[in-house]
Amino acid sequence: MRKKISVHRDLEVYQKAFDAAMRIFDLSKSFPKEETYALTDQIRRSSRSVCANLAEAWRKRRYEKSFINKLCDSEGEAAETQVWLEFALRCAYMQRVDAAELYQSYDGILRTLVGMINHPQVWILPGKAKEPNDEAAE
C-alpha cells in the first residue's frame, strides 16, 4: 500500500535528493580552500537546487506546464551535480567509491524525474485550472 503524499518531503525522489545533497555537503567540507567559491559552492548549490525545484514543482501541480517546468529545472540541476561529481573525482577531492555512489544516486533521481515529467497526469491536481500565462493570452 502506498503512503499518501501530502507534502513534497513525502516524495521518495525528494528524500533521495535531500540525502544525496547532505552527503555532498559532508564530503565537500574536505575540498581545498581554493575551491570554496568554485567547485565546492557549485556542487552544493546544484545538489540543493534539485530539492528546491522539486518543492516548487509540488506546489505548482495545479498547472501542468508549470509543474513540468520546475521538474525540468530539477532534472537539469541533478545532471549538473553529476558533472561536478566528475570534476571532484578527477581533481582527487573525492574517493572513487563515494563519487560512484552519488553518481548512481543521481541516475536514479533523474530516472524518477523523467518519469514524472513524462506522466504528469499522475501528479497534477484534478480540475481545470488555467496556467498563469494563459490568462494573459485571452
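From the N terminus on, the elements of this protein run α-α-α-α-α. The model is a predicted one, and its secondary structure comes to 5 helices and 0 strands.

**Overall build**

- Taken along the principal axes, the C-alpha atoms fill a box of roughly 55 × 40 × 20 Å.
- Of the 138 residues in the protein, 36% are buried.
- The protein exposes about 8,700 Å², and carbon and sulfur atoms supply 51% of that area.
- Among contacts with a separation of 6 or more, 72% are accounted for by residues 24 or more positions apart.

**The nonpolar core**

- The largest nonpolar core has 30 residues, and those with the most contacts inside it are Leu71, Met94, Tyr106 and Ile109.
- At least two residues of this core come from each of helix H1 (12-28), helix H2 (36-59), helix H3 (64-90) and helix H4 (96-118).
- H4 gives the most to the core, with 8 residues.
- As background, nonpolar side chains tend to be buried together in soluble globular proteins.
- What does Ile109 touch, leaving aside its neighbours within four places in sequence? Ile109 is in contact with Val13, Lys16, Ala17, Val50 and Ala78.

**Aromatic rings**

- How many aromatic pairs does a search of the whole structure find? The search gives 4.
- In one of these pairs, the rings of Phe31 and Tyr93 have their centres 5.6 Å apart. Their planes stand at 40 degrees, so the pair is tilted; a pair counts as stacked under 30 degrees and as edge-to-face over 60.
- This pair links distant parts of the chain, 62 residues apart: Phe31 is in the loop between H1 and H2, and Tyr93 is in the loop between H3 and H4.
- Is Phe31 buried or exposed? Phe31 has 7% relative accessibility and therefore counts as buried, since the cut-off for buried is under 20%.

**The loop between H3 and H4**

- Ala92 is also worth a look in the loop between H3 and H4.
- Most residues other than glycine have a negative phi.
- Ala92 is not a glycine, yet its phi is positive, at about 65 degrees.
- With 64% relative accessibility, Ala92 counts as exposed, because the cut-off for exposed is over 50%.

- Asp98 lies in helix H4.
- The relative accessible area of Asp98 is 14%, so this residue is buried.
- Which residues does Asp98 contact, leaving aside its neighbours within four places in sequence? They are Arg23 and Leu27.
- With Arg23 there is also a polar contact between the two side chains, at 2.8 Å.

**Arg61, Trp58 and Pro126**

- Where does the charged end of Arg61 sit? This charged end sits over the ring of Trp58, 3.8 Å from the ring's centre.
- Arg61 and Pro126 are 65 residues apart in sequence, while their C-alpha atoms are 9.3 Å apart in space.
- Pro126 belongs to the loop between H4 and helix H5 (134-137).
- The relative accessible area of Pro126 is 78%, so this proline is exposed.

Conventions:
Residues numbered from 1 in each chain as written. Predicted model: local features only at pLDDT ≥ 70, side-chain atom pairs only at ≥ 80, totals over all residues. Heavy atoms only, no water. Core = buried A, V, L, I, M, F, W, Y, C linked by side-chain atoms within 4.5 Å. Buried < 20%, exposed > 50% of the residue type's maximum accessible area, 1.4 Å probe, protein only. Helix = DSSP H or I, 4+ residues; strand = E, 2+ residues; numbered from the N terminus. Contact = heavy atoms within 4.5 Å. Phe/Tyr/Trp six-rings, centres within 6.5 Å; stacked < 30°, edge-to-face > 60°. Lys NZ or Arg CZ within 6 Å of the ring centre and 35° of its normal. Polar contact = N/O pair within 3.5 Å; in protein donor to acceptor, adjacent residues only side chain to side chain. Areas by Shrake-Rupley, 256 points an atom, 1.4 Å probe, with all protein chains shown as cover.
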